[in-house]
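Let's talk through some of the labels used for this model and ask what stands behind each one. Have the structure open and follow along.

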Amino acid sequence: MPAMRRFLLTLLLLLPLPVAAALSFETIDEKPPGEQYRQLSLLMLITGGTDPAMLEILEPVIELQASGEAPAMDLEIDDLVTPLTRIVAPEILLGGAAGLFRFAHDNGEAIQQRLTTIARENPILISMVDVNAMAADAIVIRNAIADTIEYTPSIDAGQAAERLDAFRRQTVYLRNMMEFNAFQEELNDITNRAIVDLGGRLDAYQRMFDEDVDEDLIRRRIESAQIMNAQAEERFEGEAMLRNAELMMMLILMESQVH
Amino acid sequence: MQRWQLPLILTLFALLAMVLAGCAGTARGTRSSAFDGAQPVEVTDFSLSRAHALVVIRYPAIIHADAEEPYFHAFSINAIGGEVPPENRTKKVTTRIAQSVIAKSNYYVMSLYRELQRELPENTVLLSPHIVLWDREQGLYSRPILASEQIPSVLTIDFNVYSYPDPTELMDSPPVTFGDLVTPLLVVRGNRWMQPATNGLVLSSDPLLRASWDLSANSARHDLEARADFDENGFYRELDFIHFLASRNSAARDLPSKGLNESRRELMAVEVYPVEKILLDGALLQNLADDYASDPFVEAFVRDAGHNVKRLLNQIDHDRATFFTRQQALARFDPELAVAFLARSNLESVRARLQLAEALIEAERKFLAAQSAGLFEGAYLGDYGNRMREMIQGEYRLLEDRRDLAFKQNMTTAFAALALAGAVYAASASGAVTGIAMQTFSGALMLGSLWAMSSTMNMRAESAEMSENFLALIAPALERQISVQMEWLESKERISALGFAEFRNKTLTLYQARIRSLQADFSDDCEFRSPDLRGPGRWYGNCRDGRADGRGYGVIVDGSGNSLEYLGEAKDGLASGIGGAIRQRRGVAGATYYEGRFANGLPDGVVQVEEPGRRPAVREFRGGDVVGSVGENRLQRLTF
């Protein structure tokens, strides 16, 4: 295994990564506004809810890097998402994470101001940013950081446990928020569609009624409306059963994988 | 008869006529309601939950054919404002009046809905139309047609208008809804945790007080028993007005009550709203069918009543008022989460799932708000509303003509006008227009004044003609609204209900696909005890060794009318820590609420006490006994 790790580390170092590009406003300013916004948001999502003491946990890694005992390489935020970095070079990853935490901690207010400014100046561009996609990336990175801290020998596990636990709770919260956003979006869609459908049915019925009142005709139309609704309900039940069948199939497949 | 006797008899008759004129004078209606002068307020909702509605308005909308006879019977024997003689109870005119109460309630409730909807945040006012039913087991009752009452709401308002069943008695100035006269009946309530001392009842029309009180007490009892036995609560609260008609019990002397707008507002008692005949502004009724931009019922009553509702909304802690109704709503589709909710858990898995569940309820609220808006459009802005306005305008013009005529005839104006109101119902019920109208009118005259003896045939003919013209205008509208329009409403509501069922299926499927497991175990059957109440108790929430321990909700019902509910912290099966408790004692109207610190199952420390008929007070307790008064600043409140 150590041989494999060395091989992957070499491979990683050979990759065309933007080496020595320490995180700073200057490096970010070079990017287009949409990318600036995305990177700064991602940074905030990665570091959000952590207490400054997280830096203390990472201190031994920073010291090892400074003394040359551990590989050092400045990573851009997006590099942390790649599985290779997470698997092969935990010290590099933690070094990058330490840089992120420090930068976010020192410049939190300025970053938020920049985000507001970019959004104000580029409303169309920012309206197209997919927050949930960023949250998904942030969750991957946060989990990678937490896992790496846990398995890095140079970090005192007992000392880190409580802070790490809080960091993981925040990550779960971020995930839940992301899931809620997706749920809310779909729920709004169903609600709005249902309201429009119902309004259409009631309007149609109102129009029937506004015409010359013929009781027999009205009765027939009531029956038609009932049949129409009943059919809609039956159709939906059919869809629900199809989904259920899909679920059952998935369960069967999962069980067959186990055995 | 001796010569000296004649002037004496005439004088006595004249005095009688003056007395009757006085009674009839009050029958004109009041221009200023008891709510008049209520200050306009802005509603501020500080609640944490977004799921709940602020107001649900219930009203009688439709009557099932099987329920018509029992309803007419109950309506005639349980009259508000007098006792209908047995011989008058079976007349067809009474059934027409009973029907008109439902038809006009359908219309006038929309004014209240529109005003509150306009003043309160979007999608927070819902309509809940009821169908009146009858069966052998339950007798006369009502049930909601739509799902609005399943949505947690801070306040629930029962609304209907009323007319006295016997038109021959209109001279006694009973309540009536005809033309420019409207008699509204109201009940305002919330969940019992909102105001435990009165089981959540905050305002009631005087005659409905007993019925509303009994319903609130029954509702509390059923809920407690269901929670104690871990059963589904099958209690549906029928309309308070229908319960009043069916229960024949209006004695309310022993109940904690207070007048409107009194300085005793802080008392834990039900505000009692007197029966009022509201007089609408005639200028707004003259052309009501064509110009209804300014609603006369809003101007005369609803606006001030709405201010009162908003004042109540500002006084109430919304999270406390809706805590248990939100829990019931959750239990409907996620029982596991509903128990965790009672434990008021801070766990992230509970919070996240609760966020999804509350979003679901919020979506249902939006859908039901759209349904309510649809009902409003049909019943107020649409064909139904147009016909009702035509009818009200016609009634008003007739009343005005009658008042003019009565004035010319030197007769008590309101007396003559109301006599004719009864005649209209009678005529439209029988079809014998002129005959019955005149008969009723003449009968009233004979009772009321001596001048009828000498009135000319011309004047009588004029009266008859006017009645005939009016009925030609009104009767078709009455007939149509009661038959076809009701069918229209029913079918419209059926479409709405089916639409909702379809919508709920979809949202529940989405919810079930998205939820994750709860990362904790909450029990629904741990032991909960109290030192001053026998009987097994049940605890929902955190437990240790099978006993209540940590946060949760406990209930004890001893089967003889005593009960205890507790929401808060517990230790070793007893209330210990910060909490709130409702204590119900056998034979005592209402309940006592304690909020603050508890130890070993009893109030211990600084506790606020709310008792029926008294002001809330903050007291220092030791082992369940009061040892002194303390400042409110030392009180630690329960967070709902």
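Q: Why is R344(B) called buried?
A: This is a predicted model, and in it R344(B) has 20 other C-beta atoms within 10 Å. A residue counts as buried at 20 or more, so R344(B) is buried.

Q: Where does R344(B) lie, and what is its phi?
A: You will find R344(B) in the loop between α9 (335-342) and α10 of chain B. Its phi is positive, about 45°, although R344(B) is not a glycine.

Q: N600(B) is also in a loop; why is N600(B) called partly exposed?
A: Its loop runs between β16 (592-599) and β17 (602-610) of chain B. N600(B) has 15 other C-beta atoms within 10 Å. Buried needs 20 or more and exposed needs 12 or fewer, so N600(B) falls in between and is partly exposed. Phi of N600(B) is near 50°, a positive value in a residue other than glycine.

Q: What makes E377(B) partly exposed?
A: The count for E377(B) is 17 other C-beta atoms within 10 Å. That lies between the cut-offs of 12 and 20, so E377(B) is partly exposed. E377(B) is found in helix α10 of chain B. Its C-alpha atom is separated by 50 Å from that of G550(B), 173 residues apart along the chain.

Q: Which residues of α3(B) and α10(B) meet?
A: On the α3(B) side they are N106(B), Y107(B), M110(B), Y113(B) and R114(B). On the α10(B) side they are S372(B), F376(B), A379(B) and Y380(B). By class, this contact has six nonpolar, two polar and one charged residues.

Q: How do you know that α2(B) and α3(B) are roughly perpendicular?
A: Helix α2 (residues 68-77) of chain B packs against α3(B) at an angle of about 100°, with the axes 9 Å apart. Roughly perpendicular means 65 to 115 degrees, and about 100° is inside that range, so the two helices are roughly perpendicular to each other. Y71(B), F72(B), F75(B) and S76(B) of α2(B) make the contact with T94(B), T95(B) and A98(B) of α3(B). These residues divide into four nonpolar, three polar and no charged.

Q: What are the domains of chain B, and how many residues are in contact between them?
A: The domain assignment gives domain 1 (36-188 + 282-384 + 495-500) and domain 2 (523-634). Their C-alpha centres lie 34 Å apart. Four residues of domain 1 are in contact with seven residues of domain 2. The domain 1 side of that contact has three nonpolar, no polar and one charged residues.

Q: And chain A: how many helices and strands are there?
A: Chain A has ten helices and zero strands. Of its 259 residues, 22% count as buried. Residues 24 or more positions apart account for 77% of the contacts in chain A with a separation of 6 or more.

Conventions
Residues are numbered from 1 along each chain as its sequence is written. Chains are lettered from A and ligands numbered from 1 in the order in which they are written. This is a predicted model: local features need pLDDT of at least 70, side-chain atom pairs count only at pLDDT 80 or more; totals for chains, interfaces and linings use all residues. Domain bounds come from an automatic or database domain assignment. Two residues are in contact if their C-beta atoms, placed from the backbone, lie within 7 Å. Ala, Val, Leu, Ile, Met, Phe, Trp, Tyr, Cys and Pro count as nonpolar, Asp, Glu, Lys and Arg as charged, and the others, Gly among them, as polar. Helices (H or I, at least four residues) and strands (E, at least two) are DSSP runs, numbered from the N terminus. Axes are lines fitted to C-alpha atoms, for helices over the stretch in contact, and angles run from 0 to 180 degrees between N-to-C directions. Angles under 35 degrees count as roughly parallel, over 145 as roughly antiparallel, 65 to 115 as roughly perpendicular and the rest as oblique.
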